[in-house]
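Good morning, and thank you for making time on the agenda.

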Amino acid sequence: MAPLLLLLSLLLAPLALGEHTSNWAVLVSTSRFWFNYRHLANVLSLYRTVKRLGIPDSQIILMLPDDMACNPRNAFPGNVFNNADRALDLYGDNIEVDYRGYEVTVEAFIRLMTDRVSPDMPRSKRLLTDDRSNILVYMTGHGGNEFLKFQDAEEISAFDLADAFEQMWEKKRYHEMLFMIDTCQANTMYSKFYSPNILATGSSEIDQSSYSHHADNDVGVAVIDRYTYYNLEFLENEVRQPSSKLTMGDLFDSYDEDKIHSHPGVRYDLFAGGQTAARSRLVMDFFGNVQNVEVEGGVKRNETEWQDELRAIENMIAEAKKRHNESLHTSPQHASVIDEVKEQEAKRQVRREGAVKVDEEEGWSKQIIGAATLLGCAGAWLAASFLESV
Amino acid sequence: MALIATLLALRKDARILKLPPYLSAICIIVGVAWLLVLPLDEYSRNTYVSENALLPGQVHTYFTGSEHNIFRAYRHEVAGLADRSVEERTQRLSDIFRSSNLKVATQRYSYQAAGRNISNQNVYAVLQGPRADATEAIVLIGAWTNMDGQINHSGVALVLTLARYFKRWSLWSKDVIFLVSGDSTSGPQAWVDAYHDSHNPDTIESLSIKSGALQGAVAVDYPAGPWGHRYDKLHIVYDGVNGQLPNLDLFNTAVNIANGQMGISCTLQRMWKHGDSYQERLQTMLRGMISQGLGHASGPHSSFMPYHVDAITLQTVGDGWHDEMGLGRTVESLFRSLNNLLEHLHQSFFFYLLLHSKRFVSIGTYLPSAMLIAANFSITAIALWVQSGRSTSPIPNPASTSPPSTKANEKPETTMTAVKTPDGSTTLIPTPLLSITERALFLPLSFILFTHFLGLLPLYIFNNTPEPYLRLSFETTLALTTALPLLIARALSLFHRPTHQETTLIQCFSLLLLGMFLAALATLNFSLSFLIGILTTPLSFVRASRNRLVALPALGVLLALNPVVVIRAATVYWGKDVVEILVQAAEGWHVWGLWTQVVVWLVWWPSWFAGAVVVGSGLFA
């Protein structure tokens, strides 16, 4: 008995650690204009990293409010760099920007997160997650105490963000979420969160600015922010393989306040299992793509069962109605309501197609017909080959 | 209720009229003291670049090496054109621009001012931003001659070299216009007027090529000859016509780049040495105020300001070790910053006083100073109005607790009127207190109107007299304006006018207008308002007095502060020729749209004249 239990626990262990079956990333820059080059470079750097670690373009929502590569001021047309060495062109030829220019608004962002989108919204612009999806939300831009500015025109508050995430939780749109933000007073942005399973980290405390890391004197602007730079440094240097076993704790421990020039913060309390559980999550759980497959229940489902149940319920209602009518001589309203319900049920029956329970005994005659057809075909083939040989 | 009643009763108190002169004096003292504390650390601020987009000094500049050879070649080309005709010069400059693959156009212009004919030609080239949308442009100006009339050899050569160099960059988000104007004042004016279609097409040619809205302009003034000259500092000139200033961000960007990136120190307002002490700050500020108050064009950049195009002139001064390539790189970096702009410069201040290249006072801090000076006239005007409505006979105070003096006892008692109050009791009130004094408004109003119209005469004469007659007309005006108040006062006294009330009213209206004009002017041209305010302060305190001991010194002070005398004294103090000033003023009127003479002849002079007549009338009464 004991070896069996041991075997079972060994089998279940990976399931308990990585319960998610898909990884999504929402990468948002909220500022436009040439002098905010670094914000777009931040986001594109993260985009490149998560893509490298396996999240496909179809599962990355990239929001870029401006096009730095094609800005006339760009001395390197078509390129975006995140380092003055210009070794790596972030723009490349394989970038999928899902929301661009003036599409990047607070409304679009909240609609994306909560999936309150119009039916004609293309799939590439939707966050098609479920309760088994891990989401990385990365935001950068200009912010302040409990707000983040979108495009010089509007701002999203910490409360808006918290409510959107709560709605996502209620709608079972995520399993676990890593919220990462690089802006001034960034830590205030996650201070209002109240939904479970969110691990949040930000670049600076209240009343603290976040700083850029360095400028490229040929591009003429700062190319990356410090917090993002050091996050990337860890991700690029340490997390080299998708099989990496480094944990989020390792990432958070790598933050050096002397280098970042501000106090990055981490919020663990919403996470199930608190700090220990959150810190033990793998970096790959959020930044990579994990292909855990979950087979539904292992039990055969019967698609016609619900029809039987519905019929039983209808009978019960009819029974109840009869009893009611007998006692009260009730008005015909109830009947019409039930008719409506029936109509709707009928519609639903038409729409849904599924496996139907097949009667085993009826099958025999059909099998005989089938065998006869096969025999007939074989005979025709034999006859034809005989005639040909003659 | 009781408090209001007490306050209302106080209105009639004779003592209340003693207060305004003290109030006026306090306003003036505080106003002047306010200005004097501005250079202190507590009241001024360090400059900072407010516009995020500018990013000054964040780019590497590559204007070096072989560009230097090209610059030297162009400088010799320019030197070769020095004694050629305007046509030949224009032709050659056009060819050079054209050889850099730029679109070139020329513009002829001619102006008439003070009997002189100013005519010359502008050459300009447009570099169309390769990836820009041609809606905006920035201008680089090299005037053929600078403000001192020297040929701007190296400045023009630098513009030609930079045109060739800029053409090779693909990163311009705006068009760049290179302008070689015929001279430093009328040339840029003709060009910028024509650019905005507000020129007179009969005398000024329209522009055949244009670009987008102008976002900024930088002029280079570097008159070093064909063999070059190493300079010590950059003198940044920023005053526009009528005291308009460019956005402080442009000035700060230039200082930031020249000083921080290129290591060239910057100076302003001809302060060749500036140790950042209180005295030097104050001196810089006062020089700036005088320059702003005069409202003259101080360089090729000045003409751009009325069109809300921020502009500065970079002038090389002194002997040092900085060379033309340093200036070229400064301009390159400055243009890269301007190129980064996303919208018109608007973040920083348009109204400021600079104390040092890195220290300034903003309008909120300095404005009260001129406003207090202006308010002092309004206070006096109100006091005089109240006084003119009072009965001249003395009103005794029956309720006075102090024992009546023996002199009062000798005089007959004032008549009393019995008044019945609503509650039935009867009260005795001195009759003069109840009498209503009528104000005779006709003479004062027509006099003030006449005075202000009289100001149109010198305004017209000085703006339209040909140069040879300017000295004569100035000396005549000087003599006439000195004698006129006394003559008028004498003439009026023959008709036993004006009465005491009328002189009071003349002074009241004159000061009322002066106070209002100066307060309005303070928001537009602080310095001019302040300077005129200071020079007219005696008008608040002089009164028509028969006492010669009082009237004669007052008249003396007023005659010394006659606007014409002040102008004469100023020219002597600064060692300028008065004709030169007048010619420039006439040019300003006809070419730049200068308003200073309007303020002098229609605001300052009439108020001085009214004051002088008032004092004179006391003398002849």
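**From sheet to annotated site**

Strand E4 (residues 136-141) of chain B and strand E6 (residues 213-221) of chain B run parallel and are joined by six bridges. Within this pairing, Ile141(B) has Ala219(B) in E6(B) standing opposite. Before I continue, please bear in mind that this is a predicted model.

Strand E2 (residues 103-113) of chain B runs antiparallel to E3(B), and 11 bridges join the two. Ala113(B) has Arg116(B) in E3(B) as its bridge partner. The hairpin of E2(B) and E3(B) has two residues between the strands, and Ala114(B) there takes a positive phi near 50°. E3(B) is also joined to strand E5 (residues 175-180) of chain B, by five bridges in an antiparallel arrangement. In E5(B), Phe178(B) stands opposite Ala125(B).

How many residues of strand E3 of chain B are buried? The count is nine of the 12 residues in the strand, residues 116-127, so the strand is largely enclosed by the rest of the structure.

I turn now to the organisation of chain B as a whole. The chain is divided into domain 1, covering 18-40 + 368-391 + 438-620, and domain 2, covering 52-357. Taken over C-alpha atoms, the centres of domain 1 of chain B and domain 2 of chain B are separated by 39 Å. In the contact of these domains, domain 1 of chain B supplies 25 residues and domain 2 of chain B supplies 28 residues.

On the side of domain 1 of chain B that touches domain 2 of chain B, at least two residues come from each of helix H15 (467-494), helix H17 (526-535) and helix H20 (578-592) of chain B. H20(B) gives the largest share of that side, with eight residues. Classified by type, that side of domain 1 of chain B has 15 nonpolar, eight polar and two charged residues.

On the chain A side, the contacts of Leu27(A) beyond four places in sequence are Val43(A), Leu46(A), Tyr47(A), Ile60(A), Leu62(A), Met63(A) and Tyr138(A).

Chain A itself has 12 helices and 12 strands. Of its 390 residues, 34% count as buried. Among contacts in chain A with a separation of 6 or more, 73% are between residues 24 or more positions apart.

The two chains also touch one another. Their contact takes 12 residues from chain A and 16 residues from chain B. The side of chain B that touches chain A has seven nonpolar, seven polar and two charged residues.

An unreviewed UniProt entry lists His142(A) and Cys184(A) under "active site". These residues span 43 residues in sequence, yet no two of their C-alpha atoms are more than 6.5 Å apart, so they gather at one spot.

His142(A) is in the loop between strand E4 (133-140) and strand E5 (143-144) of chain A. Cys184(A) lies in the loop between strand E8 (176-182) and strand E9 (198-202) of chain A.

Is each of these residues buried or partly exposed? His142(A) counts as partly exposed because it has 19 C-beta neighbours inside 10 Å, while Cys184(A), with 21 other C-beta atoms within 10 Å, is buried. The cut-off for a buried residue is 20 or more.

Setting aside neighbours within four places in sequence, His142(A) is in contact with Ser31(A), Lys149(A), Thr183(A) and Cys184(A).

How values were computed:
Residues numbered from 1 in each chain as written. Chains lettered and ligands numbered in written order. Predicted model: local features only at pLDDT ≥ 70, side-chain atom pairs only at ≥ 80, totals over all residues. Contact = placed C-beta atoms within 7 Å. Nonpolar A, V, L, I, M, F, W, Y, C, P; charged D, E, K, R; others polar. Domains from an automatic or database assignment. Helix = DSSP H or I, 4+ residues; strand = E, 2+ residues; numbered from the N terminus. Pairing = 2+ DSSP bridges. UniProt positions renumbered as here; feature names shortened; annotations may be inferred.
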